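Okay, everyone, thanks for coming. Let me put the structure up, and then we'll walk through a few places in it.

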Amino acid sequence: MSSLTDIHSHILPFMDDGADSVEMSIHMLEIMKEQGVERVVATPHFYPHKEKNVKSFLEKRQNSYEKLMSSDPPISDILLGAEVSVEKDISDLENINLLAIQNTDLFLFELQYKSFSDWMLEEIDNISTAYKLTSVIAHIHRYIPFYTKPDFEKVLQSDSVFQVNAEAFGNFRESHFVKKLIKNDFPLAFGSDSHNLSDRKPNWSLLKKKLNQSEIDKAMALFESHLK
Ligand SMILES: [Fe+2]
């Protein structure tokens, strides 16, 4: 059994619509620890149109991380990353590569909750190619209401890792979709995408209940193969 890494979380305090205090961050990490998580990737939202620039976002993230670490969190293996919203021309943004997940070649992209357009994959491909990164598409099942079957085919044919939120297993349609990805051997990564202690709290127990250990282990091994 491999150790669990949560690849998508909003545990950093004061960054986005996730944890709004250090206490909340600590409590979220306590729940994750109880659920067997040993490593957490902190992925605060990065919306290019809202941020001044990448460097100022990284400073904000570093301050948040230091506040959390000075409170002795129950999980200390925290890698810094970001959930980068795919907007037009993001690949031209200075220092965009610095938003890759620390100590890995992985880069978490969030697609928009609207109809698919080819430019989205072009932006992702531009960044991955220019900086030799592997794209991770956040919560692939959340685009079901917006994408047609051919749209999904294009996204799934991209050279990416597909991230799945634990919550997918609480929804019939999403769970069916994810099971098909597992059956067809798509490269997957799992995360809680937890934001708080109420409606979006860490929920690894659900994922562990619905998947075989070998299916979980496979995704964890994939993540570890991208660690530097
Ligand atoms: Fe997220």
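So, the second largest pocket is lined by Arg61, Leu80, Asn97, Leu98, Ala100, Ile101, Gln102, Thr104, Asp105, Tyr131, Leu133 and Lys228. A pocket here, on a 1 Å grid over the protein atoms alone, is an open set of points where a 1.4 Å probe fits, with protein on both sides within 12 Å along at least five of seven lines, and lining residues have an atom within 4 Å of a point. Its space comes to about 160 Å³, a volume being the space filled by probe spheres set on the points. By class, that lining has six nonpolar, three polar and three charged residues.

Quick housekeeping: this is a predicted model, where local features need pLDDT of at least 70 and side-chain atom pairs count only at pLDDT 80 or more, while totals for chains, interfaces and linings use all residues. Residues are numbered from 1 along each chain as its sequence is written, and side-chain values use heavy atoms, with hydrogens and water left out.

Now the largest pocket, with about 380 Å³ of space. Of its 15 lining residues, the closest to the centre are Lys149, Phe152, Leu156, Phe177 and Lys180. Helices α4 (149–157) and α5 (172–183) each supply at least two residues of that lining.

Phe152 and Phe177 turn up again in a ring cluster, together with Tyr113, Phe116, Tyr143, Phe146 and Tyr147. Rings of Phe, Tyr and Trp (its six-membered ring) pair if their centres lie within 6.5 Å; planes under 30 degrees apart count as stacked, over 60 as edge-to-face and the rest as tilted. The whole structure has nine such aromatic pairs. Take Tyr113 and Phe146: the centres are 6.1 Å apart and the planes sit at 55 degrees, so that pair is tilted. Those two are 33 residues apart in the chain.

Last stop, the iron ion. Which protein donors does it have? They are His8 (NE2), His10 (NE2), Glu83 (OE) and Asp193 (OD), 2.0 to 2.2 Å from the iron ion. Donors are N, O and S atoms within 2.8 Å of the metal (3.2 Å for Na, K and Ca), and water is not among the atoms, so sites may look incomplete. His8, in strand β1, and Glu83, in strand β5, are 75 residues apart. Are they buried or exposed? His8 is buried, at 0% relative accessible area, and Glu83 is buried as well, at 0%; buried means under 20% (1.4 Å probe, protein chains only).

Note on methods
Helix = DSSP H or I, 4+ residues; strand = E, 2+ residues; numbered from the N terminus. Nonpolar A, V, L, I, M, F, W, Y, C, P; charged D, E, K, R; others polar. Buried < 20%, exposed > 50% of the residue type's maximum accessible area, 1.4 Å probe, protein only.
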